[in-house]
Amino acid sequence: MISRVFLSIKLLVAGFSILALGACDPQLGGTGGPRVNANKAVTVALLVPTGSSDAGVSALAGSLVKAAQLAVKEKSTTPITLKIYSTAGNPEQAATAARQAVKDGAKVILGPLFSSSANAVSLAVANTNVTVLSFSNNTDIAGGRLFVLGNSFRNTADRLVGYAAARGLTRIAAVAPRNSAGNSATTEISRAAAKYSAQYTGASNYDFTLDSVVKAAPAISRDVKSAGANVVILTADSAGALPLLAQMLPENGLNPATVKFMGLARWDIPPENLAQRGLQGGWFAVPDFSASDAFKTRYVASYGSDPHPLAGLAYDGIATVAKLLGTGSSPELSGPAIVAAGSVSGASGSFRYLSDGTVQRGLAVAEVANGTYRIIDPAPRTFGDAAF
């Protein structure tokens, strides 16, 4: 089970560490999209990394396929014809598969997974009116006809900073590795602070090595205290520096009782993290477990095994198409129509599409205490009107 968790962490981080050249315009391009007859079967393409030399990625691909098939059975009142195309995790093969999917009559493309492949697919079908709902979480590539469904640093930063600011915690510092993922994370923390009228006091960085974290801890503590921050957001996950920072920062005078520690990553993976002294009283975000547990139960009942942690993204893509098909006898499968549709009920709770090509997901705020955590603010079940 641990290897599956670490694979999911690796894949989530990959979206931030892969440079996506030729990224799309940040706003939705065009207003048109294919209109379909809601009384006839609609073809949807699913691009997954089957054929990858990485066994873990191939297993994930199979789980994505199963989740999409489950959603077709559960969500679709209009028949959906799901056609599956292999990308092998390769951008060139993904682009070729996307062009073939359009020739085969696909009205929407779901996937691919990695940001480089998603960007290649978007460029390959740019002269068509087909929308791409990718499984990446790299917001840098979002826009035009390309959406990113993965939970992003932006979405998590918005949830945590907004919750903190509403409670008077408005001086926010960040601690991040000196790499592309760290840069993306601190950018989103700064953006969220401005959005919620909080003050971003800056980032303290460290090189992505054990020795660097140990040496940087005293300076990080000094920086946070001298800036007068009452919140420090750790961007690292369990496969990175999180456990060491949770130990070293309090040892160097940064008291979690006076400065609220928050995390952009899931602190409960693995659960042993929750015993760390530095995380006690801290906040992190989690999905709507009632929804994700129900999805897991239905998936296991259908296939006899657990879904991969990222499999729900394929379910969400089909759920999106199904919602649009239920809006009328001749719905338009376009980016603006997807945004206007508002909240979608997905595998891990409610989410909605934003006009910049990103997705807002309903997250709960969790607080660590005594080696476990409790939900202090539940995930929203709906977002009301669509966010343009």
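Start with the lining of the second largest pocket, which by class has seven nonpolar, six polar and seven charged residues (Ala, Val, Leu, Ile, Met, Phe, Trp, Tyr, Cys and Pro count as nonpolar, Asp, Glu, Lys and Arg as charged, and the others, Gly among them, as polar). The model is predicted: local features need pLDDT of at least 70, side-chain atom pairs count only at pLDDT 80 or more, and totals for chains, interfaces and linings use all residues. Residues are numbered from 1 along each chain as its sequence is written, and side-chain values use heavy atoms, with hydrogens and water left out.

Next, colour helix H5 (153-165), helix H6 (180-195) and E13, the elements that give two or more residues to the lining. H5 gives the most, with five residues. Helices (H or I, at least four residues) and strands (E, at least two) are DSSP runs, numbered from the N terminus.

Now select Ser197, in the loop between H6 and strand E7 (199-206). Ser197 is not a glycine, yet has a positive phi of about 55 degrees. Most residues other than glycine have a negative phi, and most peptide bonds are trans.

**The three-stranded sheet**

Follow E13 into an open sheet of three strands, ordered E11-E12-E13 with antiparallel pairing. Strands E11 (344-346) and E13 (359-361) are at the edges with a single partner strand each, so one side of each has no neighbour in the sheet. From one strand to the next the twist averages 35 degrees. Strand E12 (residues 349-353) is joined to E13 by three bridges; two strands pair if DSSP finds at least two bridges between them. Pick Arg352 and find Gln360 of E13 opposite.

Contact means heavy atoms within 4.5 Å. Axes are lines fitted to C-alpha atoms, for helices over the stretch in contact, and angles run from 0 to 180 degrees between N-to-C directions.

**The hairpin**

Move on to strands E14 (residues 364-369) and E15 (residues 372-377), which pair antiparallel over five bridges. Val368 has Tyr373 in E15 as its bridge partner. Two residues separate the strands of this hairpin, and Asn370 in the turn has a positive phi of about 55 degrees.

Show helix H3 (residues 91-103) with helix H4 (residues 115-124): they pack at about 35 degrees, axes 8 Å apart. On the H3 side select Pro91, Ala94, Ala95, Ala98 and Arg99, which meet Ser116, Ser117, Ala120, Val121 and Ala124 of H4. This contact has seven nonpolar, two polar and one charged residues.

In the loop between strand E3 (108-110) and H4, find Pro112. A cis peptide bond joins Gly111 to Pro112, with omega about -5 degrees. End at Pro270, in the loop between strand E9 (260-263) and strand E10 (283-286); the bond between Ile269 and Pro270 is cis, with omega about -5 degrees.
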